[in-house]
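Here is a short briefing for someone meeting this structure for the first time. Please look through the sequence and the model before reading the notes below.

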Amino acid sequence: MSRLLDQQIQKLKLNFITMGLNVSTALSDAVDAWRNNDLTLAQTVIDGDEKINEQETHLEGKSAQIIALQQPVAGDLRKIVAILKASSDLERLADHAIHIAKKARREQKAPSDSELTDLLLKMAENDKQMLTDILQAYSDLDDDAAVKISEKDHQTDEYLKQVNQIIIQRIKEQPDFALEAMDYMKLGNHFERIGDYVTNIAEWIVYTERGRITELGNSDY
């Protein structure tokens with residue numbers, strides 16, 4: 001690898017991590033805004049979406065520029081392509097954080113069902129920890145850690161199953177709960193998708209290091 005290409009890839013990687021940290025903050029703030037019915041914090045998250053979108057656009061442009069001018073091959077090309085793809089996953093993850101924040105803004109009051117709220121907050125904590133860990137794994141290009149992090153998504157999926165089971169039972173017992181139940185269900189789906197996007201990023205780390213696309217969560221890795 002030429003010194004210039006090495007520097008450009010390292011800078012690209014740093015920009016990706018910076019974007020990831022912004023997304024992590026957005027997710028954490030969105031969860032806090034929903035839990036505490038904090039409309040001001042919710043609006044801060046929503047307003048910050050433009051910056052995250054700009055960061056993704058910047059990464060796309062710089063990646064294309066490096067590929068065009070430096071014509072990297074093999075491992076170098078994989079590093080650039082993986083960052084390009086993973087930044088798209090980060091942006092989509094941030095979109096779900098925005099939806100969570102908007103949910104807080106629409107609410108007239110804080111969440112009322114303590115059991116469902118507790119499960120959703122457990123999903124959120126698992127997602128936040130996965131995101132924090134995957135950014136570290138990307139910084140280190142640690143493919144073994146990436147695989148282990150992706151396995152934590154099973155816990156998020158399990159929480160969602162519990163949420164849906166409780167919702168069904170609640171509606172049977174209290175038909176008037178149906179409207180609020182839909183809000184909980186939508187939030188659960190947002191948290192589930194966030195875990196999926198972290199898993200996608202883990203797959204790009206594995207691709208960078210092992211040179212093959214691997215669908216994590218299956219038995220083929």
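**Helix α2 and its surroundings**

In helix α2 (residues 39-47), A42, V45 and I46 are buried, where buried means under 20% relative accessible area, exposed over 50% and partly exposed in between (1.4 Å probe, protein chains only). The buried residues of α2 line one face of the helix, because they fall within an arc of 100° when seen down its axis; the arc is that of the directions from the helix axis to the C-beta atoms. This is a predicted model, in which local features need pLDDT of at least 70 and side-chain atom pairs count only at pLDDT 80 or more, while totals for chains, interfaces and linings use all residues. Residues are numbered from 1 along each chain as its sequence is written, and side-chain values use heavy atoms, with hydrogens and water left out.

- On the other side of α2, T40 and D47 are exposed.
- At the start of α2, a side-chain oxygen of D38 comes to within 3.2 Å of the backbone nitrogen of T40.

**Overall build**

- The protein has 8 helices and 0 strands; helices (H or I, at least four residues) and strands (E, at least two) are DSSP runs, numbered from the N terminus.
- Along the principal axes, the C-alpha atoms fill a box of roughly 65 × 40 × 20 Å.
- Of the 221 residues, 46% count as buried.
- Among contacts (heavy atoms within 4.5 Å) with a separation of 6 or more, 82% are between residues 24 or more positions apart.

- E203, in helix α8 (residues 178-210), is buried yet has no salt bridge, a salt bridge being a side-chain nitrogen of Lys or Arg within 4 Å of a carboxyl oxygen of Asp or Glu.
- The nearest side chain of opposite charge to E203 is R193, 10 Å away; Lys and Arg count as positive and Asp and Glu as negative, with His and the chain ends not counted.
- A polar atom of the E203 side chain lies 3.1 Å from the backbone nitrogen of L216.
- Not counting residues up to four places away in sequence, E203 touches T214, E215 and L216.
- D49, found in helix α3 (residues 49-70), is also buried without a salt bridge, and K102, the nearest side chain of opposite charge, is 7.0 Å away.
- Leaving aside neighbours within four places in sequence, D49 is in contact with D95 and I98.

**Salt bridges**

- The structure holds 10 salt bridges.
- D32 pairs with R35, their closest N and O atoms being 2.5 Å apart; both lie in helix α1 (residues 3-36), 3 residues apart, about one turn of the helix.
- R35 is partly exposed, with a relative accessible area of 34%.
- K128 forms a salt bridge with E125, at 2.8 Å between the closest N and O atoms.
- K128 and E125 are 3 residues apart in helix α5 (residues 114-140), about one helical turn.
- K128 counts as buried at 15% relative accessibility, whereas E125 is partly exposed, with a relative accessible area of 42%.
- D143 and R210 meet in a salt bridge (2.7 Å, N to O).
- That pair links distant parts of the chain, with D143 in helix α6 (residues 143-151) and R210 in helix α8, 67 residues apart.

Note on methods. Polar contact = N/O pair within 3.5 Å; in protein donor to acceptor, adjacent residues only side chain to side chain.
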